[in-house]
Amino acid sequence: MKTTMLDIAQRLRSSFKASFIHHVEPTPRQKIVPATEKTCVVDDEKLQPEAEALAARLHGNTLHLSDLTKVFAAWPTAVNKYAVELQDLVDSLLERIITNERKLKALKQADFARLMSLWYPDAEWEELKVATAYSVWIFVWDDEIDAGDTDAAADETLAREYYKQSLAYIHRMLGLDGEDCAEDMEAPNQNMTLFADVGRGVRAATDVRQRQRFFDELENFMLQVAVEHSHRMAGTIPSVQEYMNIRSGSVGCAPQIAITDYMLKVRLPEEVMECAAMKALWRETIYICLILNDVYSVQKEIVQGSLLNIVPVMFQHLTEECKDSMDSVSRDLDMALSETMSRFEAAAKELGEISPEKDELQGNILNFILWCRYFITGVLYWSLESRRYGMAKCINADGTLSIVL
């Protein structure tokens, strides 16, 4: 049975691609119903044998991490002048879509306003409103599947319908079904109503190619969330490379990068957007954020019964001589981060040399690269500070982290 489920998981991307086509007929509003209240312990009943055995081996281990603020000390960080107003905006957006008081309180405590302020320190209010609606939406959308406490999270049929309805609505709101019909579709569930705000703002300031790129990245995000969810339901642990391929999509960074030109109020030529150096910059930005997000969220995810995280995956696939050595995982993570940072710098250098010095195009390219750095340092500092991950209690006096699993 396990082999069959793994085969299904590996085929899901292509089969889901076929079933997620944007012309899905609109359906009545679907209410996402919390299944049960969760306690702060691993839900062993949800784990299949392979995952259950890994959870037992992980239990009580401590992941030691370097002080990554020192690793990124030379990278820029700043806060937006609308930091206070962002807090009110985030709270109002959450109140529009979350009715469960426990969830609402937890999401407010996550301090998404701080993240937005770090990600977009130079953005103006109109663009900030759109980016904040989008970012709040994608966090809540992902939690419906990832947190494991909704009907869709526990049932692959419901999950698949959730993806299909979401993609159909996104396609319509981005004006990709035709500008005239963008607003005539009812949101399939409450959290999708925020995407109407996103679509309205993005449609007004971008061309069809930009919006198609944004949609394509969101589609890939949802496809990879589906594959990740199938592994979780089957209790299977992918290889490290398979996991990186899946997580590069499911981490949700690529769609955020896809709206960067909108946020910067520039339009980079397609030959720049599609060149090898730009694609490498995206890839390494995603890899760095993936590593940061996974190491800081590993406690939270294990508590929720999920082992689809770079730390458990690396631990599972250690060589025999390093078996069950969390120190080996720490060293491998340090090495992986160092290597991807080096590749990021190489891509940034190549991209920055595409256009003659000091012309408008070069300035726009350099601002795009600068934003990728802000994006990464924003993930770093917010993840350390946010109550969503609880890292404050794991920080040692010297800035290193000791995360008990």
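This is a predicted model: local features need pLDDT of at least 70, side-chain atom pairs count only at pLDDT 80 or more; totals for chains, interfaces and linings use all residues.
**Notebook: a walk through the model**

I started at Ile403: setting aside neighbours within four places in sequence, I found this residue in contact with Asn61, Thr62, Leu63, Leu65, Val295, Val298, Gln299, Met391 and Cys394 (contact means heavy atoms within 4.5 Å). Residues are numbered from 1 along each chain as its sequence is written, and side-chain values use heavy atoms, with hydrogens and water left out.

**Ile403, continued.** I placed Ile403 in strand 2 (residues 401–404); strands (E, at least two residues) and helices (H or I, at least four) are DSSP runs, numbered from the N terminus. I read a relative accessible area of 0%, so Ile403 is buried (buried is under 20%, exposed over 50%, partly exposed in between, with a 1.4 Å probe and protein chains only). I also checked Asn61, which lies 342 residues from Ile403 in sequence but 8.3 Å away in space, C-alpha to C-alpha.

**Whole chain.** I counted 19 helices and two strands in the protein chain. Of its 405 residues, 58% are buried. For contacts with a separation of 6 or more, I noted that 80% join residues 24 or more positions apart.

**Helix 10.** Which residues of helix 10 (residues 193–205) are buried? I listed Thr193, Leu194, Phe195, Ala196, Val198, Gly199, Gly201, Val202 and Arg203. These buried residues pack against helix 4 (83–97), helix 7, helix 9, helix 11 (208–234) and helix 14 (260–264).

**His171.** I next looked in helix 9 (residues 156–173), where His171 is found. His171 is buried at a relative accessible area of 3%. Its side chain makes a polar contact of 2.6 Å with that of Asp177; such a contact is a pair of N or O atoms within 3.5 Å, where, within protein, one must be able to donate a hydrogen and the other to accept it, and residues adjacent in sequence count only if both atoms are side-chain atoms.

**Cysteines.** I searched the whole structure for disulfides and got zero (the cut-off is a pair of cysteine sulfur atoms within 2.5 Å). Cys253 is in no disulfide, and the nearest cysteine sulfur, in Cys289, sits 4.3 Å away. I found Cys253 buried at 6% relative accessibility and Cys372 buried at 0%.

**Largest cavity.** On a 1 Å grid over the protein atoms alone, a cavity is a set of points where a 1.4 Å probe fits but cannot get out, and lining residues have an atom within 4 Å of a point; grid points are joined across faces, edges and corners, and a volume is the space filled by probe spheres set on the points. I noted 25 lining residues, with Phe139, Asp142, Val251, Asn293 and Tyr389 nearest the centre. Helix 7 gives the largest share of that lining, six residues.

**Backbone.** Lys265, in the loop between helix 14 and helix 15 (270–273), has a positive phi near 60° without being a glycine. I found Lys265 exposed, at 57% relative accessible area.

Note on methods. On a 1 Å grid over the protein atoms alone, a cavity is a set of points where a 1.4 Å probe fits but cannot get out, and a pocket is an open set with protein on both sides within 12 Å along at least five of seven lines; lining residues have an atom within 4 Å of a point.
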